[in-house]
Amino acid sequence: MSAVSEAVTSSAMRTREATVRRFALTDTIFRTATRLAAILVLVILGGVAISLFAGSWEALSKFGVSFLTTEAWNPVTENFGALAPIYGTIVTSAIAIIIAVPIGIGIAVFLTELCPRPLRRPIGIAVELLAGIPSIIYGIWGLFVFAPFLQTTVQPFIIDIFHGIPGLSSLFAGPPYGIGLLTSSLILAIMVLPFITSITKDVFDTVPAVLKESAYGIGCTTWEVTRRVVIPYTRVGIMGGVMLGLGRALGETMAVTFVIGNAHRISASLFAPGTTISATIANEFTEADGELYTSSLVALGLILFIITFIILAIARYMLLRIDSRTGA
């Protein structure tokens, strides 16, 4: 009887050891695969940075720091400066985010706290469908519908209102072209709005119901619950949605190309035509017939890469500061 028990025990131990080895092998394979995936991302990112730097070296070595501080862009004389595209990229993206963030958060609050339940899903789907519209459709709509509307109604009205007011008169000065920096910013705001709204709504839904019910139970209003409970609890997710929208705005090409005017100059007026880094590359890369011209366009791509990296790094640093102050 003891021999049978020993045989059963030995068989069970061997089965257990085989199972442990199998689990260990699976865990090792999984850990190695995920590590390789993370390393692959870094390799691709480094490869992109190196290729951009190598392609832009000729322009950077010839123009130096003046490439970043010069507004001129003349392919005939091969005199290139990136200041105007950098200015247009930063201004249009900043205005788009300033417009889209409060509207997106407001829509998310409405869908999660105020909207009647039968309407939540249809409105949410309608907002998310905006993200699926191709950018060229936004560009065509902006050029043939939105820009003429701004030219004939909104821009003349704003020019008349702010005429003679120091600062604002120059910010909204000039003839109403319809196209320009402000039009491009509005189109970008519409394009990034569904990303911000969708992500913000999803993170709002993760707030435990007991937190909101407790706040309502002590007499808080919807505004107070949103401000004191929902937004602090989901600040990291909201920041992620904002950064996703900002990344989309910085790199958007076709829609901006249609409505910004594609003028390599800096103007104080938001109604004036301008350009962005991505629009310049899209417009002129096929026409770049010289090595210096091509290198200058690649240098613009490198600058956009660096700007995006810096903005994301700053956003991550802000999140760390917020977490450290709140003790999260």
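Trainee: Is Phe144 buried or exposed?

Mentor: Two remarks on the source come before that. This is a predicted model, in which local features need pLDDT of at least 70 and side-chain atom pairs count only at pLDDT 80 or more, while totals for chains, interfaces and linings use all residues. Residues are numbered from 1 along each chain as its sequence is written, and side-chain values use heavy atoms, with hydrogens and water left out. Buried means under 20% relative accessible area, exposed over 50%, and partly exposed in between (1.4 Å probe, protein chains only). Phe144 has a relative accessible area of 59%, so Phe144 is exposed.

Trainee: Which residues make the nonpolar surface patch?

Mentor: Patches are made of residues with over 30% relative accessible area and no salt bridge; like charges are joined within 9 Å, nonpolar side chains (Val, Leu, Ile, Met, Phe, Trp, Tyr) within 5 Å. Areas come from the Shrake-Rupley method with a 1.4 Å probe, and for residues only the protein chains shown count as cover. Here Ile136, Ile137, Ile140, Trp141, Phe144, Val145 and Met254 make a patch of about 620 Å².

Trainee: Which helix gives the largest share of the nonpolar patch?

Mentor: Helices (H or I, at least four residues) and strands (E, at least two) are DSSP runs, numbered from the N terminus. Helix H5 (residues 135–162) supplies six residues, the largest share, and Phe144 lies in H5. An α-helix has 3.6 residues a turn, so residues three or four places apart point the same way.

Trainee: How many residues of H7 are buried?

Mentor: The count is 18 of the 24, so H7 is largely enclosed by the rest of the structure. The expected span of a helix is 1.5 Å times one less than its number of residues. Helix H7 (residues 181–204) reaches 33 Å from its first C-alpha to its last, close to the expected 34 Å.

Trainee: Where does H7 bend?

Mentor: A bend at a residue is the angle between axes fitted to the seven residues ending there and the seven starting there. H7 bends by about 35° at Val192, and Pro194 follows within four residues. Thr197 also lies in H7; with 1% relative accessibility, Thr197 counts as buried. A polar atom of the Thr197 side chain lies 2.9 Å from the backbone oxygen of Leu193.

Trainee: How many salt bridges are there?

Mentor: A salt bridge is a side-chain nitrogen of Lys or Arg within 4 Å of a carboxyl oxygen of Asp or Glu. By this rule there are four salt bridges. One of them joins Lys212 and Glu113, with the closest N and O atoms 3.1 Å apart. That pair links distant parts of the chain, 99 residues apart: Lys212 is in helix H8 (residues 209–217) and Glu113 in helix H3 (residues 83–114). Both Lys212 and Glu113 are buried.

Trainee: Which residue forms a salt bridge with Arg248?

Mentor: Glu252 does, and the closest N and O atoms are 3.2 Å apart. Arg248 is partly exposed at 23% relative accessibility, whereas Glu252 is buried at 6%.

Trainee: What is the phi of Glu78?

Mentor: Glu78 has a positive phi of about 55° although it is not a glycine. Glu78 lies in the loop between strand E1 (73–74) and strand E2 (79–80). With 34% relative accessibility, Glu78 counts as partly exposed.

Conventions: A polar contact is a pair of N or O atoms within 3.5 Å; within protein, one must be able to donate a hydrogen and the other to accept it, and residues adjacent in sequence count only if both atoms are side-chain atoms.
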